Amino acid sequence: MVQSTRARDETASEDTNASGHAMRRRFDRPASASDWLFLFLSCVVGLGLVLSFVADVYVAPLGFDEAYVLQAPVNLITGHGYASTDWAGGGAVVLFDPLLSTGPAVLLPTAATMAVFGVTIEAARWATLPFAVLLVVSAALLGRRIAGRWGALAALVGLLAINPATDYPATVVFGFADAIGEFPAAALILAAILLLPRSRLLSGVALGLAITTKLLGLLALPAIGLGALLIVPFAWRRAWWLGALKRAFALVAGIAIPILTWEAVKLVTLGLDGYRQLTASYFDVVLSNGSGADGGGGHVRERAEVFLHGFFGTPVLSAIVGFAVVACIVVWVIGSRRTTGSFEFLVVDRGRFLAMLGGVGTLAVFLAWWMLVSDRVWFRHVLPGVVVGVPILAAMAVLGVRFLLDRPSGSRRWRPLACSVATVAVLAVTLLHAASAFAAPYGWSRAEQLEDAQALRDLEVVQVQHFLGWQNPELLFLDRGIRTAPYKEGRGPILLSAMMKNDAYGYEVFQGQCVDVLYHREDTLLCVPVINP
């Protein structure tokens, strides 16, 4: 036993020394042109990611749905519980409102940040910094697992290529720092894929947190669950089935931990009857707000057009780049198949296989649900799947490029072109992303929102009326002394904002109810109405 232990120690020492020698040789050799290019492009991408987050914190306006979900942390720190306000039914507080589409994994840290730094947009968005870091690190590590350092870089460029605000002025996500939850959910799904080879339990916890953040995180379960089963190559043996059962149980247990914890909090807070009513309301909301359970899916062509608008550049350019990415992956698959004589190369490296399966599988399920089932055309609904899948596809494309460069004539023929295309792509994507983050032509900017809120404070407005579902949560967040009620049911002036331009007919009709204008700036209007002034 002593000799066996000593032999293992000596072997481990030799492996460590060999690894150390290899690392020293790597750093001792002179840096090549490829090394310098990689360093330069990494700095550009890193700067782009930082600028994107900072711009979202300090420049991007407050979105309608983001302002709505931020009621929960505001009410929590002011002693009203994890709740929203029933603006349509008299202003009562609704604990654990099913309409709060973002979960506690994001909103509880947001409440803590607001409690320390005040109730501001900046405080709400700085609370998402850990999720932004997790997103970048997970995407880079998975990209590196697939295709080395260039795969990591490609994965991050894929993140920058996504334009989340394509739905504007409808429901919208402006960037990485939004407290609405799509990017945090995607970050947690990527973390679940990253953790899967090492710990099914921790992978499940990450996925469970993603599901509590956005219920759409459930759509990642098929790919990650299949990955958990296939960590060990399939075999018609009893041992494989027992192992698969253990891995599946660990994954499900991890998923259940955050979900059941939050459900227990709601049960203890509301009691059994209240919890039963809340659960029924929650399912009603889920089944009638975009899930497609009540019909209305399809319109594939329309959704394909929306999808192509979800990337910076023109839809035609997005289609061309997407085709090029797929072509590179096909080159790698077919070329490697011819070289090795089988498709086993796909699964030999289990870490790479699980990363590809998790990313591509998650994107495929999201797209299938969104295009064929969901009754909402919003890009925001498919965004978590896009954020998970696009970096993985970008890293896989690197494998195709590498296959071409590794051919006998590839280095001379393709390397200069590959370097040029990589440089142009990184610079173009980063510049487009930065320009959009700082100078996007939003119809209602952050400065204009703050100006409108200040005008309401100056006029000492405490009660307003709104039209249908346009309750102006952005201004109610920025001026928390205002209460709102539906027109004809409440009292006070009518408040119309730029967001109501989504319903141009309703805006014009409601504007016709004004008899005296109190404040008017472009599309923001505060006026005395005909009824209940």
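These are my notebook entries on a predicted model of one protein chain.

**Ground rules.** I number residues from 1 along each chain as its sequence is written, and I use heavy atoms for side-chain values, leaving out hydrogens and water. The model is predicted, so I ask for pLDDT of at least 70 for local features and 80 or more for side-chain atom pairs, while totals for chains, interfaces and linings use all residues.

**Overall.** I looked up the secondary structure of the protein chain and found 20 helices and seven strands. Helices (H or I, at least four residues) and strands (E, at least two) are DSSP runs, numbered from the N terminus. Of the 533 residues, 48% are buried. Buried means under 20% relative accessible area, exposed over 50%, and partly exposed in between (1.4 Å probe, protein chains only). The chain exposes about 25100 Å², and carbon and sulfur atoms supply 67% of that area. Accessible areas come from the Shrake-Rupley method with a 1.4 Å probe; for residues, only the protein chains shown count as cover. I also looked at contacts (heavy atoms within 4.5 Å). Among those between residues at least 6 apart in sequence, 70% join residues at least 24 apart.

**Disulfide.** I took a disulfide as a pair of cysteine sulfur atoms within 2.5 Å. By this rule I count one. Cys514 is joined to Cys527, with S to S at 1.8 Å. The angle about the S-S bond is -50°, and the link of Cys514 and Cys527 is left-handed. Cys514 sits in strand β6 (residues 514-521) and Cys527 in strand β7 (residues 524-529), so the bond ties together parts 13 residues apart in sequence. Cys527 is buried at 0% relative accessibility. I checked Cys419 as well: its relative accessible area is 30%, which makes it partly exposed.

**Helix α15.** This helix covers residues 350-372. I compared its length with the expected span, 1.5 Å times one less than the number of residues. In α15, 18 of the 23 residues are buried, so the helix is largely enclosed by the rest of the structure.

**Ala55.** I place Ala55 in helix α2 (residues 33-58). Is Ala55 buried or exposed? Ala55 is buried, at 1% relative accessible area. Leaving out residues up to four places away in sequence, Ala55 touches Ala60, Ala437 and Phe438. I also noted Ala434, which is 379 residues from Ala55 in sequence but 8.4 Å away in space, C-alpha to C-alpha.
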